[in-house]
Structures are given as C-alpha cells and as structure tokens.
Amino acid sequence: VNRLLTLTTFLPLLGALMVLAGGRGLKDEGARWVALGASLATFIVSLVVLGRFDPAAEQPFQMVELARWVESIGLSYAVGVDGVSIWMVLLTTFLFPVSILASWTIVKDVRRFMAAMLVLETAVIGTFLALDLLLFFLFFEALLVPMYLLIGGWGGRRRVYAAVKFFLFTMAGSAFLLVAILFLYAQQPDGERLFGYGAMIDAAAGLPVATARWLFLAFFVAFAVKVPLVPLHTWLPDAHTEAPTAGSVLLAGVLLKVGTYGLIRFNLMLFPEASRYFATFVGILAVIGIIYGGVNALIQTDIKRLVAYSSVSHLGFVVLGLFAFTQQGVTGGVMQMVNHGLATGALFLLVGMVYERTHTRELDAMGGLSSVMPWLMGAFLFTAFASAGLPGLNGFVGEFLVIVGTFAVNSWFGALAATGVVLAAIYLLWSYQRMAFGPVREEHRLLPDVSVREVAVLAPVLVLLLVFGVAPSLLADRIEPATSAVIAHVDPEQETTDVGQAALAASAAEGLSPP
Amino acid sequence: VIGQATLSTPELAFEPLLPELFLVGFAIAGLLYEAFSRRSEPVVHLSIALVGVALAGATSLWLWGWDGEATVLAGAVAADRFAVLARLLLLVVAALGLLLGHQYFQRSGDEPQGEFAPLVLFATSGMTLIVAAADLIVAFLALEILSLSLYVLTGLTGRRAANEAAMKYFLLGAFSSAFFLYGIAMAYGATGTTKIGPLALALGGSEQGLALLALALLAIGFGFKVSAAPFHMWTPDVYHGAPTPVTAYMSAATKVAAFGALIRVLDVAFQALAWDWAPVVWALAAVSVVLGSVLAIAQANVKRMLAYSSIAHAGFILTGLTAPGSDGIRSSVFYLVAYAAMTVGAFGTVMLVSGRGEERTRISDYTGLARTQPLAAALMTLFLLSLAGIPPTAGFIAKVNVFSAAIGAGYWLLALIGVLASVAAAFFYIRVIVLMYMQEPVEVVEAGSAPLTGAVLAIPAAATLLLGVFPGLIVGVIEEASVLRW
C-alpha cells in the first residue's frame, strides 16, 4: 500500500514526540539533532513523492489515500497531491530543516521549541495535502497553536501582543470558514453527507447563485486573513517582527501560502461563478495590497518590518494572478508562491543573522556592514535581487507571468501591479545601501562574517533561488496541468492557453467581467 | 381459584432502578460507618463509595441489554439506552469527583469529612434517576435529591466563601425548583398526565395555551440547572466558592443530568411543539454563548473564568438541541461527554495547582507555571485547548457536531454566533496558556507534588485526546443511545 503522503505528514510529529519523550535526559544539543534529523527525513520522503509524481497523469490527484475516519459524520482521512500542493509540500519540507538549523542559537527551552516546530510542520503539510474539508480545517486550526507558541514563547519584546493578535485574527477568519463548510455539508442529502472534496464540489454546484456568493465570501475572509490581503493584514507586521527568526521564515515562507493555497483549492474550485463575480473586487484588493505593502516597506526603518511589508506586496501578486483566470496568471501566481517562500524566507534568515550580530534591526543604526562581513552582505544583495524580481533569479518569472496574465484581462491592474516591482527594487536596494555602505559604526567593527553553520543554512536556499530563476520550467511543468484544470473549471468558456499566447488569453476578458 | 382482587396494581420491575438502589444503599452504608466507627478512616469512606459506584456502573451496563418494557414502575422510569449512557457518564464523573475530593480533604487540613462521599453518592443517585425519569414528578423528585445534596456539598468546608455560595445556590435553586413544579402543574392541566409518553400523545393536537406555559416554566427551571443565560447568575459564585473537587464534580455532572432530562422533555414530551420550543432554545443558546464568553474575559480567578465558560458551554449544547430529533440528541450527547471530560480535568488541574485548599486560584498565580509545575501546565493546556475547541481535542469534534446539527436544522446564524463567540472565548483560554508558558514565575512557590491527583487526571486527559482523534470510539454507542423509548 502507498502510504507516502501519510509518512510525509506525520514524520515530523513522530520527531516531536521523540523530542518530548526524551525528557530532561535529552540534552539541548540532542533535541536539536533529533529535530533536524526528523525534518531532513521528511524532506527526503517528500523528494520521493516528487519523484513519483507524474505531471502527465490523467487523474487530478495522485498518491491518494482514503480512509474513513468518523463514519457517522462523513469525515474521512483523504490526502493527495496535485501540481500545486506538491510544491507547497516541498517548500514546507525544505524550509523546516533550514529553519531548524537557523535556530541553533536558541538556548531557551530548546526541547519545547523544537517540538513546536515539528508539530507545526505536520500541521502545515496536512493542510496542503488534505482532500477532505473538515480534515483541512482541522489542520488549519491546529497549526495556530504551535505558531502561536513560537511567536509568544521565543519572540521579541512585544511577543505576547503579537502572538495574541495573530491568533485572534486567524481564528476569527476561520470561524466563517467552519460555518461555511458545515453549511455546504448540510446541503447534502441526510444520511450520505460527506466532507470529501468531491462531494463538497458537487454540493456547492447545486447552490443558488446568491448563496454560493455568500459562502465564497466566508471562505474568502478566512484565507484573506492568512494571505494577508489589505485590510486584514495588520497582524502580519507585528507577528513577523516579534517572531523568532525561524518563526518569521516559516510564517512568510509557508504559512501565508496556506491562505493563497486555500483560495485556489477551495474558493476557485467550489464557487466558480462567485469567483468570476468577485474577480474584480479581489483584484482591487490585491492591487491595493501590492502598492500599499510596497509603500509601507519603503518608509520602514526596522529591517524586519520592511521585509514583512514586502510580503504583503508580493502576496498581492499571487492573488492578482490567481483571480485573472488566465494560464499565465494562475501559473505565475503559484510559481510566485514558491519563489516568495524561498526569497523572503532567505531574507528573514539573513535579517536574523544580522540581528544576532548587531543586536539591532534599525537601519539607521547600521551601515558599512559590507566591509565588515562581505559574504553575509553579498548573500543579502543576491537575495534582495531575487526578491525584487531581477531576471535570471527566481522572483522574476512568477511576477512577470502574473503581470502578463493580468494585462490580458485588465490592463489597469497589470499596469498598477507593475509599479509594485519598481517599488520592490527601490525599498530592497535602498535598505541594502543603508545597511551595507557608509561609515562603519565603531561597535560593529569586529563582527564576524558567516559561520559554517550559517553557510549550511543559506547555501541551499540561495542555490534554489538561482536554479528556479534559470530553469523555471522545473516548476511550471508540474504546475500547469493543475492550473489549467482550475481555469477550465472556473471559466469553462476559455480555451486553455500555453504560456505566451497572449492573444488567446485576451478572450478571457469577456469571461472575467461580472455577470 | 377464588377471590381474585380486581384492583389493578402496576407490575413491579425494579431492575432498571438497580443503579440508584446501589448508590443509595452504599451512601447509607457510608453514613452508618461514620456514625458507628470511633474514628472513621477517609480511605474506608472512599472505598465504600467507589464500590457503590462500581456496582451501579455494572448494573447500568447490564441494563444496556434490557429487553423488557420501555418504561417500568407504571411508566415512571425509562429503561432505554439513553439512560444507560447518561448514567455511565455520571458514574465516571462521580468516581473522579470522589477521588479528587479524597485528596483535597487530605491535603487541605480540613477535618475529615465523613459526609463527603455519601453526599456525592446521594447527589449521583438523583442525577442518574433524573436522566431516566419518564414521569415529570419523578424528575422533580430526582432534581430535589441532587440539588439538596449539592447545596450541602457546596458548603461542606464551612469556609466563608463556601457558606455564601451554598446559601446563594440554595435560595436560587429553590426558586428554580418552584418554576419547575409550576411547569409540571401546567402540563398536567393541559393534558391530564405527567408521564412524558402520554404527554406526547396528548399534545398531538390539543389546546396548546397551557402547554406552552408549561413549556416556558419548565424551560426556566432547566435553564437554572444547566446554567444557561439569563438564568446563570448563581454559577460563578457557586463554582468559585465551592471546594474545588465539588466544583469539578458538579459542573460536569449537573450539566449531564439536567441536559439528559431536558432532552427527554423536549424531544419526547413536547416533540409536538418543536416549532414552538426551537426558537426559545435558540435564544437561550445565543445569549449563553455570548454572555458566557464575553464575561469570562474579565475574570481574574480561574474558577470564575471556568464557571463563565461553563455557561458558554451550556449554550453550545443548547445549540445542538435546536435540531429536533436524533441529530440534536447525538450532537448534544457527544458534547456532554466531551464537556464532562474537559471540565472535570480543568477543575482537577486547578486543584493540582492550588496545592492545598483554595490557595492559588487567581489567574496570575498561573504565571510561569510551566517552570514550577510542568505537568499541571501541560494538563491545563490540553483542557483549555479542548474547551476552546481547537483540534485535535474532543472539544473541537464536539463543536463541529453541534454546529453541524444546528445548520442542518436551518439555524446557520446561531452557528455563526457560536463560532464567533468561541473566538472570543479562545482569547481567555489562550491568555492562561500565555501566562503559563511565556512568562517567568513571579515567586517561587513550593509546589507540593500530588502524584495521585495527577494520576486521576490522566483519565479525563486521555478521554479529551482520544475523543478528539478517534471520536468514532463512542459515536456508535451514542448512535444507539440516542433513541429515546417511551
């Protein structure tokens, strides 16, 4: 029997139990190694999943596992991967060992920290793989607790405030999600109700138009908080700034993707009509997010807050692409999800390393660092280029596709989104300039450059930034079949197009305008 | 064969009352032991009571296979599986309460209370009787048995706060009993019977004015007992003032008993009026979840906070009950099981933290608990997460069940109110977790170890986790028990 996905999901949990079961007998060093080992093993298993994944397969989901869990309420343990979720899972399994290695410097409650990290990994992988809406919701809620503990337990000065804010925002959003899921569930005939993905799609298809639109909004709020879309983003700068480095990396790299993943997996697939109806509205929110996030990043003096706001801007691109319903837009959006996870994850890693040395995050209190630690600052510049979307690095392709795909349906959105790219170049390079150039402060003169461990943390990420920039088809080949299925479902009028065939995509303009 | 009496006497089948008979019998045995032994040993009391509970449990289990009449003793007591399941739940809670209480009195230095165990047995006998009552008069009798025992238990330690709580509980409880009794009278006036089976038949198509009045009065009486807002006023004071193990016992058991009886009244006796009572239940549920959740935020004492949360939980159970028929019953019964586990566990942990008596029950006393008492902190976290309804705990599945039942009956707005209230509620549960794990202890308190209490709490902890991950374990049982016979 094929239990590969279950293994991927629960291997980290097993590691967490081992760390906890070790008790005081397990020294801090031991806990670190167990956690790293568990997350690396998970990564290897997920690579096997990638190897077995067949981009040309007929069925929408592969390696599906289905088991009845609570038969009386129709809850099943159903998991499977498609071209979107496979990348989300790999992004997760890749960033966790990196973050754990980056957390080697944590000395407070190491066992508890590592256990929380591993529980979080299980919950996140579960949300990406679940093909049962209640199962999804279960993981979706469960990931709140370890994340909350990570921010609140190991964060900065205002960590408790940030943790509570994060928790309440997300939970308030998911309240609507739960009611909407149960509502869909109740639409099915008594006695044969299921939470399964297919059953829910069928149930949603039978809804009156107005009801479906309300339910779309309920799902949308839950995921928009997570993404986050303006105006539901206010928890993000606080959470990012206060979280420990690993928390920020995972929050930006993985957890925000849960929101966009939910939009593509559930909003678009369950409510195609409502998705078309609200496309312009969502597009406006996304464009506002792109510009608002960019402008805010521009004026920050705290480097961590700056990167946090850049996330708001970059995630706006993702949502804009998803709701363009063109092949370029949606595929670009998904690619941007992966690339943002890597680039912003790397930025947070670097910011963490700089902070550990200078003990400040204020840009004004830095300067001249490139002469003190040339390698670290070089890595920073490289990552900033990737994040700003320099061609040849990974950020470029996704953003470019989103903008092209959006132009085809709404040139205003496309043009406004393009300013986001310009803003990104400005705030990233300007912040780099303030950090790296100018006179060196006296107290920074003797700071060490990257250590061996830090090289081990950074090198894999930076290599991937380059690889996905040079060979974006590695991503795109697997993503495209899944996204064209989504587009065919949302917008059946539209012919699926290949990337670059802008002429055909233009025909989508008619399909996009609200009925 | 001559002189056959023509007077018809009901057939006497006492088997379905065996659990109550055992409970009462062993309670009396405990009292006699206290009266006649020169120096009574708490351990002997505990053993007597536990044997009684165990025998009551065994006979309850045997009644699961009862194939006699649906009701016995002239229709006064129901012998269905619903009663069996509710009884078993009550007996488990009683056993936990007895064990916790035993340790509480050993540690608190109060003089050994020989009355404690017998009173718990008496109260439990009232509770197990009320969930099986097929006649409103019997329900009233059972209600009085359990209430009177609980009033005394509340004031058992003689502390000021306990006395005040007992007095308050007694006055308001007596008041609510009067409402309940009036309700029975009105029901009798409307239908000429107090037995719930005939009541259901009589209400099929008759004049309904009086019946509605009866329903309203009964609802008030039950509202008090389950502590649903706006009849909740006594709850915080009583839960706060009563000795912690008593609070643990009664917060779980009273709710199970009162809801068990309420389910029988609504879904059997007044099922014909479902359209009339559903909006009432709806309103009680909405007010309870909102008030309970919001007021809990302002509390500075853990016991008071949990008391307000129990009001909110009454609202969640009522949310499930808005769905008439087996959907509603199933979801509320599951919720009751989950609630019993997590609330006994939470109050038990409060006891574990306070060490002796009623010390250290302020929320600020939990600061840095993860350092001083890691086990207590971990247990509290589990129970609080379950109370907040976060997976993978029993509380999550329970909430999904009741909300889904309500939505299935068309009350999606109530479900939305409930879900949003749980977000507010999550805030104060989480606040305690923050204090325990994210802040340093203010003062280092000598945390006396209590391995026995910890061991007792393993039972609700295991139940909370197991029912969260494998709810299927009891879903089948609940399914079979959700058919009320009359």
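**View 1. Ser76(A), a buried serine in strand β2 of chain A.** In this predicted model, Ser76(A) counts as buried, because its relative accessibility is 12%, under the 20% cut-off. The residue sits in strand β2, which spans residues 75–81 of chain A. Look for the side chain of Asp132(A), which makes a polar contact of 2.8 Å with the side chain of Ser76(A). Beyond four places in sequence, Ser76(A) also touches Leu66(A), Ala67(A), Arg68(A), Trp69(A) and Leu135(A).

**View 2. The interface between chain A and chain B.** Here 34 residues of chain A meet 37 residues of chain B. About 2,900 Å² is buried between the two chains, and carbon and sulfur atoms give 79% of that area. Polar links across the interface amount to 1 salt bridge and 2 residue pairs in polar contact. On the side of chain A that touches chain B, β1 (62–70), α5 (133–142), α6 (144–154) and α7 (159–186) each supply at least two residues. The largest share, 15 residues, comes from α7(A). Sorted by class, this side of chain A has 24 nonpolar, 3 polar and 7 charged residues.

**View 3. The salt bridge between Arg371(B) and Asp109(A).** The structure holds 24 salt bridges over all chains. This pair crosses between chains, with Arg371(B) in helix α14 (residues 369–372) of chain B and Asp109(A) in the loop between α3 (85–102) and α4 (110–129) of chain A. Arg371(B) is partly exposed, with a relative accessible area of 40%. Asp109(A) is also partly exposed, at 21%.

**View 4. Arg361(A) and its neighbours.** Arg361(A) belongs to the loop between α14 (327–358) and α15 (369–372) of chain A. Its relative accessibility is 19%, so Arg361(A) counts as buried. The side chains of Arg361(A) and Asp302(A) are joined by a polar contact of 3.3 Å. Other residues that Arg361(A) touches include Thr241(A), Thr301(A), Tyr355(A) and Met366(A).

View 5. In chain A, the side chains of Asp364(A) and Arg434(A) form a salt bridge of 4.0 Å, N to O. Arg434(A) is buried, at 18% relative accessibility. In chain B, Arg330(B) and Glu479(B) meet in a salt bridge of 3.5 Å, N to O. Arg330(B) is partly exposed at 24%, and Glu479(B) is partly exposed at 34%.

**View 6. Residues of the largest nonpolar core.** This core has 392 residues, and those that touch the most other members are Trp87(A), Leu184(A), Phe219(A), Leu270(A), Phe271(A), Tyr249(B) and Phe270(B). Helix α17 (residues 412–438) of chain B gives the largest share of the core, 18 residues. Around Leu184(A), the contacts beyond four places in sequence include Met200(A), Ala203(A), Leu207(A), Phe219(A) and Phe271(A).

**View 7. Leu171(B), an exposed leucine in helix α6 of chain B.** Helix α6 covers residues 160–191. Leu171(B) has a relative accessible area of 51% and is exposed. Trp277(B) is 106 residues from Leu171(B) in sequence and 27 Å from it in space, C-alpha to C-alpha.

Methods: Residues are numbered from 1 along each chain as its sequence is written. Chains are lettered from A and ligands numbered from 1 in the order in which they are written. This is a predicted model: local features need pLDDT of at least 70, side-chain atom pairs count only at pLDDT 80 or more; totals for chains, interfaces and linings use all residues. Side-chain values use heavy atoms; hydrogens and water are left out. Contact means heavy atoms within 4.5 Å. Buried area is the accessible area (1.4 Å probe) that two parts lose on being put together, summed over both. A polar contact is a pair of N or O atoms within 3.5 Å; within protein, one must be able to donate a hydrogen and the other to accept it, and residues adjacent in sequence count only if both atoms are side-chain atoms. Helices (H or I, at least four residues) and strands (E, at least two) are DSSP runs, numbered from the N terminus. Ala, Val, Leu, Ile, Met, Phe, Trp, Tyr, Cys and Pro count as nonpolar, Asp, Glu, Lys and Arg as charged, and the others, Gly among them, as polar. Buried means under 20% relative accessible area, exposed over 50%, partly exposed in between (1.4 Å probe, protein chains only). A nonpolar core is a set of buried Ala, Val, Leu, Ile, Met, Phe, Trp, Tyr and Cys residues joined through side-chain atoms within 4.5 Å.
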